[in-house]
Amino acid sequence: MQIAVHPIRQRLAWVHTLKFQIVAIAVTAAAAAAIITAHFAFIATEANMQQLLVQAESDDAERTAMLLGTKVDMLRDALKATTRQTPAELWSTPGAMRAHLQANPALGSLFEGVIAARPDGELLGRISQGKLATDLPNIGDRAYFQQALLTDQPVISDPLTAKLVHTPVVVMAISARGPGGEVLGVLAGVLTLNSNNLFTDGIRANRDEGSRVLVMNRQGVLMAHTNQARILGNAANEPELADAFEQWHDLGSPIDTVGKTTQSQGHLVAMAGIPDTDWTLTRIVPLSEALAPVATARKTAGTSAAWVALVVAALSGALAWLITRPISRLHARANLLLAQDDLSADEWPRGHGEVGQLGQAFAQVMELRRQKQGETDALLSKIEAVLDHADIGIALTRDGRFEMVSREFCNVLGFQRTDILGQLASIIYPDQQAYDALSARALPAFMRNGVFNGEVELKRSGGEVFWARLRGRAVTPGDSSKGTIWTVEDITASRAHRERLVWTSSHDSLTGLVNRAAFEEMLKESTSQAADKPLCVMFIDLDRFKQVNDTGGHSAGDTLLRDIAHALSGQVRQTDTVARLGGDEFAVLLHGCPLPRATEVAEKLRSAVASYRLPWEGHSFSVGASIGLVVVDASFIDAAAVMVAADSACYAAKAQGRNAVVVYSANT
């Protein structure tokens with residue numbers, strides 16, 4: 001029987017042949033694979049390049065900040081050395097002091113101006129641009145002068161406007177001391193910010209096209225800028241820096257000497273604190289400029305990927321055409337079977353060669369498959385009957401899909417058997433990431449002994465996530481193709497009970513804070529690592545707490561303790577630990593917190609406690625906080641020594657009148 005075919009469809013019939021489709025798929029897959037592989041390879045490379053660029057910006061800012069810090073140290077050392085070498089009698093003789101300053105050209109080469117003043121602020125002499133100046137104003141009202149009188153170490157002023165020349169300057173000053181420690185006078189060096197004498201190296205080293213470099217103090221006042229007209233302005237008003245400055249300011253304006261780079265308003269912003277100062281160096285680079293090498297690489301990679309895809313597609317198409325040539329003969333024999341009415345439609349073509357053998361093999365395989373399928377169906381029915389009587393959920397997976405599940409398994413997961421059979425095993429996990437994580441855990445266990453046993457989170461059909469005990473055993477150890485048998489048991493209730501017991505053993509029942517035992521374990525571990533990771537510890541004892549208990553009763557005392565615990569927790573970072581040691585005693589563990597920052601936190605805690613009021617039955621109760629602060633480093637042998645030191649500092653705070661912060665020292 002001949003079937004009429006439309007002429008156009010007959011001419012295009014080759015498009016629908018299996019051979020053409022295989023060749024087309026091979027060409028398409030090869031081209032797509034080449035393009036996709038190149039695409040994802042470049043994405044990974046681009047991400048690495050961007051990471052390297054960001055790290056390079058951070059390293060550059062950090063190196064420049066270190067260079068400027070070294071320069072500041074040199075200026076301090078020069079000023080300190082000159083002060084110590086100045087004879088004491090010169091501080092009472094203006095003429096001799098002026099001659100001494102003129103005879104010391106080293107300071108003149110480092111500072112734009114040098115001044116020497118008595119303790120009352122009257123100038124003994126002033127050198128400006130290497131020349132002796134006659135204008136000698138009183139500087140006793142300057143903050144840097146007053147600070148210098150209080151210490152024998154150099155101090156650096158905030159940015160200010162000079163009295164005489166009316167230009168932005170910073171002043172570095174140090175007091176001279178007599179044999180008995182009395183103040184003889186103050187020697188100061190003036191650095192003009194407009195001349196960039198202090199920051200010249202940092203600004204020039206970073207003056208790339210389109211980029212800007214500035215130095216600001218903790219308040220955001222600009223001390224150096226690529227555009228000198230912006231000096232003494234506010235960094236918050238800098239274009240493209242507003243977002244980054246706001247984030248930095250919200251963090252407390254930290255002076256972190258480790259360079260850090262962020263993206264802000266289409267720019268890379270690299271920041272690094274200048275060591276031993278209150279200044280931060282900031283470099284602002286347009287993102288388009290920083291990522292120019294990445295854009296060039298993307299264009300080159302795209303061209304290369306296109307050529308590779310074209311070549312690979314051509315080779316794959318040719319190879320697929322050669323491999324699929326026998327299919328044409330199989331197709332011809334199939335057409336012959338359709339044309340011969342005396343042959344059964346179920347009979348495969350016979351003949352010599354691989355195509356004939358393939359046809360006969362197909363016929364035999366189909367017959368054997370029908371027989372095996374019947375046997376398999378009978379066996380599966382028996383196995384399902386056994387599984388449905390088990391009290392625990394059981395499932396068989398093969399190639400990541402469910403092939404068999406028990407009634408209890410469906411009950412635990414909330415699925416109908418018809419809805420879950422044939423589905424991917426990942427359907428019972430909260431998300432693909434959770435499924436991949438389990439696979440990463442289970443595979444090594446199966447490789448070692450063919451079994452897995454663990455607690456995992458699973459998801460019911462309605463979306464509810466619960467904890468389950470999951471056990472798996474390979475049907476044939478070492479051969480995942482044979483499938484895996486899983487058992488599932490809902491352990492949500494028992495796990496929650498266990499977690500409650502664990503939490504109770506490590507937390508204070510009244511305040512919810514970490515208890516003494518858990519705190520001492522944390523402190524023990526942190527102290528053992530203090531040589532590499534210093535930290536700070538506080539011991540807090542509430543003042544006048546006994547009066548609350550005596551007047552308001554224990555209910556008032558308990559309420560106050562809970563409120564104080566909440567107030568303390570609200571003043572520290574999430575990475576820090578607040579604990580109740582017992583009674584009205586608390587402790588705080590600050591990880592990786594330097595002493596200046598720890599002192600600020602301690603004052604915040606003390607202030608929070610002091611400002612708290614508890615209205616209770618017509619009374620208003622308040623307490624204070626005596627705080628002992630300890631910097632934990634390698635000098636402490638164990639946690640007990642730290643606790644003794646913190647308690648000693650707290651006792652010293654009590655002795656000083658209470659409601660105070662005392663930093664521990666060997667003399668505390």
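Let's start with Thr 261, whose bridge partner is Ala 270 in strand 11. Strands here are DSSP runs of E with at least two residues, helices are runs of H or I with at least four, and both are numbered from the N terminus. This is a predicted model, where local features need pLDDT of at least 70 and side-chain atom pairs count only at pLDDT 80 or more, while totals for chains, interfaces and linings use all residues. Residues are numbered from 1 along each chain as its sequence is written, and side-chain values use heavy atoms, with hydrogens and water left out.

Strand 11 covers residues 267–273 and pairs with strand 10 in the antiparallel sense over five bridges; for two strands to pair, DSSP must find at least two bridges between them.

Five strands make an open, antiparallel sheet, ordered 9-8-12-11-10. Which strands stand at the edges? Those are strand 9 (222–225) and strand 10 (260–264), each with a single partner strand, so one side of each has no neighbour in the sheet.

On to the rings, friends. The structure holds four aromatic pairs. One of them is Phe 245 with Trp 248, a tilted pair at 5.7 Å centre to centre and 50° between the planes. Rings of Phe, Tyr and Trp (its six-membered ring) pair if their centres lie within 6.5 Å; planes under 30 degrees apart are stacked, over 60 edge-to-face, and the rest tilted. Both residues lie in helix 7 (residues 242–250), three residues apart, about one turn of the helix. Are Phe 245 and Trp 248 buried or exposed? Both are buried, meaning under 20% relative accessible area with a 1.4 Å probe, protein chains only (exposed is over 50%, partly exposed in between).
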